[in-house]
Amino acid sequence: NAAAKDAAVEVLTAQGCTVDVSDLYVMKFKATATAEDITGEVKNAGNFCYLEETKLAWEEGKLSADITEEQRKVTEADLIIFQFPMYWFTVPAIMKGWIDRVLTMGFAYSQEKRYSHGVFKDKKAMLSFTTGSQESMFSANGINGDMNVTLWPLQNGILHYCGFQVLAPQIFWAPAYVPAEARSTMLESWRARLQGLLEEELISFTPSDCFDLEKGFQLKPEVHENHATKEFGLTVGIHLGKPLPPNNQMKAGV
């Protein structure tokens, strides 16, 4: 992961990008979302609600300094790369803490601004991560299950939810269990991809306009009908009871 991060910094900087790294472990970033994230008095200490209190604190400029600094970085970014080792089929706790604490309501999303109408619809984001299991174990027939399903909560439920344009993930399969030459090849592939990363096609999600607000955000009948004869569902999550579209969360344009 450190080598992948270093490669991204080097290649993107060489292209003229300004690269800002948040190394959460070096920063000793606080992973727990608590009332300490708000400076001064909270509005309702007797019935504390983190979501509501941090929204108010964001509006009033009362979020803690570490959150404010990370929100500044997000605001200035054109692209965010989340580099991490996959722990228990998701991000490590410290990165989940960053998501919980930095992507506050109001700053990162609202009832009106989410998914394809999201706050960050003009920004790109992607996951770049290592696994402990080999690729075959994360296949549709593998013991871990389809990686596309594993990625859905992260890419749809966090990145797309906040409006990000999501690039296909960069997955380094089980690097701890392959020879050094294979790891070097993985990094070279990543370096090559980074050269044209910002021009890549995006992961496909069903647009918000395809859902009926007044009917509990259900897929509109006309969209359902138009897709009735298709072999696969729309996406991994919105599959309409059909087979999942292959590589929907791993390859662009699927």
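**Pockets and fold of a predicted model**

Q: How do the residues in the lining of the largest pocket divide by class?
A: This is a predicted model. The lining of its largest pocket includes four polar and eight charged residues. The rest of the lining is nonpolar, with a count of 23.

Q: Which element gives the most to the lining of the largest pocket?
A: The pocket has a volume of about 1,100 Å³. Of its 35 lining residues, the closest to the centre include Asp 20, Ser 22 and Ile 80. Helices H1, H2, H4 and H5 each give two or more residues, as does strand S1 (79–85). The top contributor gives seven residues, and that element is S1.

Q: Which helix gives the largest share of the lining of the second largest pocket?
A: This pocket holds about 460 Å³ of space. Among the residues closest to its centre are Arg 114, Tyr 115 and Phe 217. By class, its lining has eight nonpolar, six polar and three charged residues. The largest share is three residues, from residues 147–160, helix H6.

Q: How many helices and strands does the chain have?
A: From the N terminus, the order is α-α-α-α-β-α-β-α-β-β-α-β-β-α. That comes to eight helices and six strands.

Q: What is the radius of gyration of the chain, and why does it agree with a compact globule?
A: The C-alpha trace spans about 50 × 50 × 35 Å along its principal axes. For 254 residues, a compact globule would come near 18 Å. The chain agrees with that value, because its radius of gyration is 20 Å.

How values were computed
Residues numbered from 1 in each chain as written. Predicted model: local features only at pLDDT ≥ 70, side-chain atom pairs only at ≥ 80, totals over all residues. Heavy atoms only, no water. 1 Å grid on protein atoms, 1.4 Å probe; cavity = no way out; pocket = protein on both sides within 12 Å on 5 of 7 lines; lining within 4 Å. Points joined across faces, edges and corners; volume = space filled by probe spheres on them. Helix = DSSP H or I, 4+ residues; strand = E, 2+ residues; numbered from the N terminus. Nonpolar A, V, L, I, M, F, W, Y, C, P; charged D, E, K, R; others polar. Rg over C-alpha atoms; globule rule 2.2 N^0.38 Å.
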